[in-house]
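Here is a friendly briefing to read with the model open beside you.

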Amino acid sequence: MKIPKRIAQTLINSLKGGVVPRVGLPYITVGRKEEIDALLRDVDIIADGGASFRFIVGKYGSGKSFLLQTIRNYVMAKNFVVVDADLSPERRLQGTRGQGLATYKELIRNMSTKTKPEGGALSLILDRWISNVQQEVMAAQGLSITDPRLSPAVEKQISAVIYSLNEMVHGFDFARLLTLYYKAHLSGDDKTKAKVLKWFRGEYGTKTEARQELGVNIIITDDDWYEYLKLFACFLKQAGYAGMLILIDELVNIYKIPNAITRQYNYEKILTMYNDTMQGKAQHLGIILCGTPQCMEDPRRGVYSYEALRSRLAEGHFSGEHKDLLSPVIRLQPLTPEEMLILTEKLADIHAGLYEYPQIVTQQDMVDFIEIEFGRIGADTHITPREVIRDFIEVLDIVYQNPGVHVRALLGSEQFTYARNAVAEEETAGEFAEFEL
């Protein structure tokens, strides 16, 4: 594989550090074809005006975040807008100190498109929308950019788009801010444009501040931020995009909330989002949440502790050993040894290309490595791709820096330190949960 060094470096550094790279995922994607196909079917439904809601459930290091980033790249190529955020103690779906609004801010900050995949695409989207409307009006009516009739015609077209949002919750205020942005764009008023963007990003702390700067009496709050994401989804469709996908990772941070009432409020927000998408109250919108089996199924603290969600999401009588990728919950199965072998081959090629050395790790070396990794006690159920990847990159680094070291000898050495087993991580997580109780 011929991979740009910048991307190869990002891939190796990210994977060795145990995090998912934002770029270069197609070079290392292995397995998960059925899961990706299922999620891409949702994408087609969203583009047709529907909505979808999915949970991706898997152990730490099983590939949840990797699958999220893979889908993110796929849908951006299909002209979707993607917003993503990781939950944390400071970012929740609902909170008493603005944690829900903090999640909204993070989502908007990470708003990404095909032409701006690194995030921060809000201003680009709004400017492109206005420019596209101008081009459409000019083409339809045969007007030039200097024609005095262009501005009224464009304003009329923009008013039609904005009017379609008025019937939605907070739609009138959202439309008013879009109008302010258009007029500021028309007059070259960059200060007002910056203030409108500040409002859309949820950065006004009080209504008084918003009224003084923009003349509006409403701000985005901890209680209604999700309604504005629904408005964004409808607006983005009108602006020429296929729809919007919301990706939220680290659902375990809701499971870790010590206060039961606060947890329930967060689960209630999930229920609202789930019902909206399933009942057709949301359009052109997809939502994917990621969490561990424990944070989903724990009857005291998990998502299933909220009966309204448990009754909707729990598996039926016939699932058992069979995968049901049409259900709202997708459970990630471990990658097979054969799939992990393919992944190690890809990583060895990338590593050799990055550091410009002839391939010194043989096919048999990789087979031996996989046999050792999967031969550990409990590996059939507890080993994760993250562990195997980190171990293998460590092997590549050592062999590259020490030409006299042979892979087979290294793998058989007692000095070779394996990554911490997932069993230990789960035990630690369990102890932490019990401590909080």
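Strand 2 (residues 81–86) and strand 3 run parallel and are joined by 6 bridges. This is a predicted model, where local features need pLDDT of at least 70 and side-chain atom pairs count only at pLDDT 80 or more, while totals for chains, interfaces and linings use all residues. Residues are numbered from 1 along each chain as its sequence is written, and side-chain values use heavy atoms, with hydrogens and water left out.

Helices (H or I, at least four residues) and strands (E, at least two) are DSSP runs, numbered from the N terminus. The protein chain has 20 helices and 5 strands.

**How the strands pair**

- Two strands pair if DSSP finds at least two bridges between them.
- The open sheet has 5 strands in the order 2-3-4-1-5, with parallel pairing.
- Strand 2 and strand 5 (329–331) are at the edges with a single partner strand each, so one side of each has no neighbour in the sheet.
- On average, neighbouring strands of this sheet are turned by 15° against each other, direction ignored.

**How covered is strand 3?**

- Buried means under 20% relative accessible area, exposed over 50%, and partly exposed in between (1.4 Å probe, protein chains only).
- Strand 3 (residues 244–249) is mostly covered, with 6 of its 6 residues buried.
- Which residues of strand 3 are buried on one side and on the other? Met244, Ile246 and Ile248 are on one side, with Leu245, Leu247 and Asp249 on the other.
- Across the protein chain, buried residues make up 51% of the 437 residues.

**Helices on the sheet**

- Contact means heavy atoms within 4.5 Å. Axes are lines fitted to C-alpha atoms, for helices over the stretch in contact, and angles run from 0 to 180 degrees between N-to-C directions.
- Helix 2 (residues 33–47) lies across strand 1 (51–57), strand 3, strand 4 and strand 5, and runs at about 160° to strand 1.
- Helix 10 packs on the sheet too, touching strand 2, strand 3 and strand 4, and its direction makes about 145° with that of strand 3.

**Helices against helices**

- Angles under 35 degrees count as roughly parallel, over 145 as roughly antiparallel, 65 to 115 as roughly perpendicular and the rest as oblique.
- Residue classes are as follows: Ala, Val, Leu, Ile, Met, Phe, Trp, Tyr, Cys and Pro are nonpolar; Asp, Glu, Lys and Arg are charged; the others, Gly among them, are polar.
- Helix 7 (residues 171–187) and helix 10 (residues 225–238) pack at about 55°, with axes 10 Å apart, which makes helix 7 oblique to helix 10.
- In that pair, Gly171, Phe174 and Leu178 of helix 7 meet Tyr228, Leu231, Phe232 and Phe235 of helix 10. The contact residues divide into 6 nonpolar, 1 polar and no charged.
- Helix 6 (residues 150–163) packs with helix 7 at about 160°, again with axes 10 Å apart, and the two are therefore roughly antiparallel.
- Among the residues in contact there are Val154 and Ile158 in helix 6, and Leu178 and Tyr182 in helix 7. The contact as a whole holds 7 nonpolar, 2 polar and 2 charged residues.
- The axes of helix 15 (residues 337–355) and helix 16 (residues 363–374) come within 10 Å and cross at roughly 130°; these helices are therefore oblique to each other.

**Two residues to look up**

- Thr344 touches Met366, Phe369, Ile370 and Phe392, not counting residues up to four places away in sequence.
- Ser14 lies in helix 1 (residues 5–16) and counts as buried at 13% relative accessibility.
- Leaving out residues up to four places away in sequence, Ser14 touches Val19, Val20 and Pro21.
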